[in-house]
Amino acid sequence: MQKNHCPLCHTDKFNYYKAGDDYLLAKCSECGMVWDNNPPVNPTAIYQEDYYNNDFPKGGYSNYFQGMKINSQTFRKRLLKAETKLSGQGLLLDVGCALGDCLEQAKDLGWDNPQGLEVSKYAVKFAKNRGLSVYQGDLFNHNFEPNSFDLIMLQDMIEHTTDPIAQLTGAYQLLKPGGWIFITTPNLGGFWHKLLGSLWYHYKPAEHLTYFSLDTIKLALEKSGFSDVESKPTNNSMSVEYIFDRLKYYQPTLFSFLLRIARTLNFHKLVFSLWIGELEAWGKKK
């Protein structure tokens, strides 16, 4: 079913936006929001076990488990930023928490009973087996009371949804007054997007359904009631192994060879903090 109204400002004025040879997106003529106006009927159907370990060139993860330790460094840094925002810790909800790595880091840092929401039945089971408080559901389907959380995190999650304003409104209702939302998502209009154009890695048909810039993510948060809104490019901790594995999308032979060399010489686990084309955004409940 086509979605021919902007998910931010709801106008029906848009132009088609070429993001690849066979990939057309809609771009709002009023606010600049970009979205897939012909999304899958069931967007969550792809989040099965093979989403976390597959050979797809762009979709899902080539090996989520391989990168868990590295990803945890990124999550830890984000949680420490959040502690600065909150002037301490509080009750945390991680929406789209996947296998629970961020929640593990929160527990390690001393957060009290951090909780997660995840649509994937496989991921929920995996996280529960780690002893984490994770529930299958989303911001429309859960058993939490309004005004329950001091921090809600949507990390690489909002781009997978077709109605971001409804998602953010749901998060707003769950936050306590004075609580914060933290978002990460691909940065449309950032350096890597401008450099790579239609080859931008974050263009993922049938998986990424909404694409935000620094301006449109701020607009989305403001429309959802948040104050003290800010957005900026953000960095991630990544290993040589992960970088080469993902660069295989562009040059399979070359980067497969370099990955083998890196593993042979045992420097594949080296970690760098890189700007990979994502943004972070914050908003406060009034």
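What covers the buried residues of H4? In this predicted model, the cover includes strand E4 (92-95), strand E7 (149-155), strand E8 (175-186), strand E9 (210-211) and helix H6 (214-223).

**Helix H4**
- Helix H4 spans residues 164-174, and eight of its eleven residues are buried, so the rest of the structure largely encloses it.
- Those buried residues are Pro164, Ile165, Gln167, Leu168, Gly170, Ala171, Tyr172 and Leu174.

**Nonpolar cores**
- The largest nonpolar core has 32 residues, and Ile152, Leu154, Leu168, Ile181 and Ile183 have the most contacts inside it.
- At least two residues of this core come from each of strand E2 (23-28), E4, E7, H4, E8, H6 and E11.
- H4 gives the most to this core, with five residues.
- Another core lies apart from this one; it has 19 residues, among them Leu92, Ala106, Ala127 and Phe182.

**Around Ile183**
- Setting aside neighbours within four places in sequence, Ile183 is in contact with Leu154, Ile158, Leu168, Ile217, Leu221, Leu279, Glu280 and Ala281.

**The surface patch**
- Helix H5 (residues 191-196) gives the most to the patch, with three residues.
- Trp275 sits in strand E11 (residues 271-284), and this tryptophan is exposed, with a relative accessible area of 52%.

Conventions: Residues numbered from 1 in each chain as written. Predicted model: local features only at pLDDT ≥ 70, side-chain atom pairs only at ≥ 80, totals over all residues. Heavy atoms only, no water. Helix = DSSP H or I, 4+ residues; strand = E, 2+ residues; numbered from the N terminus. Buried < 20%, exposed > 50% of the residue type's maximum accessible area, 1.4 Å probe, protein only. Contact = heavy atoms within 4.5 Å. Core = buried A, V, L, I, M, F, W, Y, C linked by side-chain atoms within 4.5 Å.
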